[in-house]
Amino acid sequence: MQEKETTIGLSWAPKVSMPSSGKKDNLVDSLSLSETSIWKAGSELVDGLYVPPREPKKLNKLLRKNMKDTTGKSWFDMPAPIITPELKTDLEILKLRNFIDPKRHFKKGDKSRGPPKYFQVGTVVESASEFFSGRLTKKERKSTLADELLSDSTFQTYRKRKVQEVNESRRPGGVSKWKIKGKATWKRANERRGR
């Protein structure tokens with residue numbers, strides 16, 4: 001049995017017979033092959049593979065596309081994260097944090113409509129001194145901020161109260177024909193009464 005040689009890396013060369021100096025038929029065949037887009041001349045092959053010519057504009061564009069999307073050295077090359085639906089809802093909740101807790105006041109954030117491009121998500125590790133005061137129990141810990149807010153009873157009562165207040169302010173207050181809306185309505189009301 002013959003054993004095949006295992007090669008590491010990539011090796012490939014077109015399987016085209018090269019023209020010999022003695023026969024004219026092979027020369028014509030090789031010229032017609034060189035015009036096709038599949039076969040390239042031997043001078044254009046590097047290690048048996050076709051490498052496009054080096055043009056600075058195209059090379060720079062390719063390098064920019066292959067570069068990692070980071071903030072730069074001054075921000076320790078923080079990468080741009082992949083935004084999942086859970087992460088997107090957490091970012092929206094952080095934007096609306098002014099409306100979540102009535103007793104906390106936050107500085108207004110950026111006015112951009114979309115999520116930020118560069119950010120990191122971490123976990124808060126409490127110190128041993130905050131074991132009873134500032135710690136969430138295992139039952140209170142959820143995977144996302146939205147789940148934590150929905151399970152919080154004080155937030156639910158505050159949210160229900162605010163929704164009722166908004167609904168009451170938007171509800172019309174009584175029958176519209178009895179509302180006084182300027183002098184013209186006074187005249188019509190007097191005409192109806194017969195005065």
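This is a predicted model: local features need pLDDT of at least 70, side-chain atom pairs count only at pLDDT 80 or more; totals for chains, interfaces and linings use all residues.
User: Where is threonine 144 in the chain?

Analyst: Threonine 144 sits in a loop. That loop runs between helix H3 (85-95) and helix H4 (145-151).

User: What makes the link between threonine 144 and aspartate 147 a polar contact?

Analyst: The side chains of these two residues are joined at 3.1 Å. The cut-off puts the N or O atoms within 3.5 Å. The pair therefore counts as a polar contact.

User: Which residues is threonine 144 in contact with, leaving aside its neighbours within four places in sequence?

Analyst: They are Glu86 and Asp90. Contact here means heavy atoms within 4.5 Å.

User: Which residues of H3 are buried?

Analyst: Leu87, Asp90, Leu91 and Ile93 are buried in H3.

User: How do you know on which side of H3 they lie?

Analyst: Look at the arc around the axis. These residues cover only 160°, so they are on the same side of H3. An α-helix has 3.6 residues a turn, so residues three or four places apart point the same way.

User: What do the buried residues of H3 pack against?

Analyst: They pack against H4.

User: What is the volume of the largest pocket, and which residues are closest to its centre?

Analyst: The volume is about 1,400 Å³. The lining has 33 residues. Closest to the centre are Leu136, Thr144, Leu145, Glu148 and Leu149. So Thr144, buried at 13%, is also part of this lining.

User: Which elements give two or more residues to the lining of the largest pocket?

Analyst: H3, H4 and helix H5 (153-170) do. H3 gives the most, with 5 residues.

User: How do the residues of that lining divide by class?

Analyst: There are 15 nonpolar, 8 polar and 10 charged residues in the lining of the largest pocket. Leu counts as nonpolar and Glu as charged.

User: What is known of the second largest pocket?

Analyst: Its volume is about 540 Å³. The second largest pocket is lined by 19 residues. Nearest its centre lie Leu94, Lys95, Leu96, Gly109 and Asp110. By class, its lining has 8 nonpolar, 3 polar and 8 charged residues.

User: What makes the phi of phenylalanine 76 worth a look?

Analyst: Phi of phenylalanine 76 is near 60°, a positive value in a residue other than glycine. Most residues other than glycine have a negative phi. Phenylalanine 76 lies in the loop between helix H2 (56-66) and H3.

User: Why is aspartate 77 called partly exposed?

Analyst: Its relative accessible area is 41%. Buried is under 20% and exposed is over 50%, with partly exposed in between. Aspartate 77 is therefore partly exposed.

User: What secondary structure does the protein chain have?

Analyst: The protein chain has 6 helices and 2 strands. Along the sequence the pattern is α-β-β-α-α-α-α-α.

User: How much of the protein chain is buried?

Analyst: Buried residues make up 9% of its 195 residues.

Conventions
Residues are numbered from 1 along each chain as its sequence is written. Side-chain values use heavy atoms; hydrogens and water are left out. Helices (H or I, at least four residues) and strands (E, at least two) are DSSP runs, numbered from the N terminus. Buried means under 20% relative accessible area, exposed over 50%, partly exposed in between (1.4 Å probe, protein chains only). A polar contact is a pair of N or O atoms within 3.5 Å; within protein, one must be able to donate a hydrogen and the other to accept it, and residues adjacent in sequence count only if both atoms are side-chain atoms. The arc is that of the directions from the helix axis to the C-beta atoms. On a 1 Å grid over the protein atoms alone, a cavity is a set of points where a 1.4 Å probe fits but cannot get out, and a pocket is an open set with protein on both sides within 12 Å along at least five of seven lines; lining residues have an atom within 4 Å of a point. Grid points are joined across faces, edges and corners, and a volume is the space filled by probe spheres set on the points.
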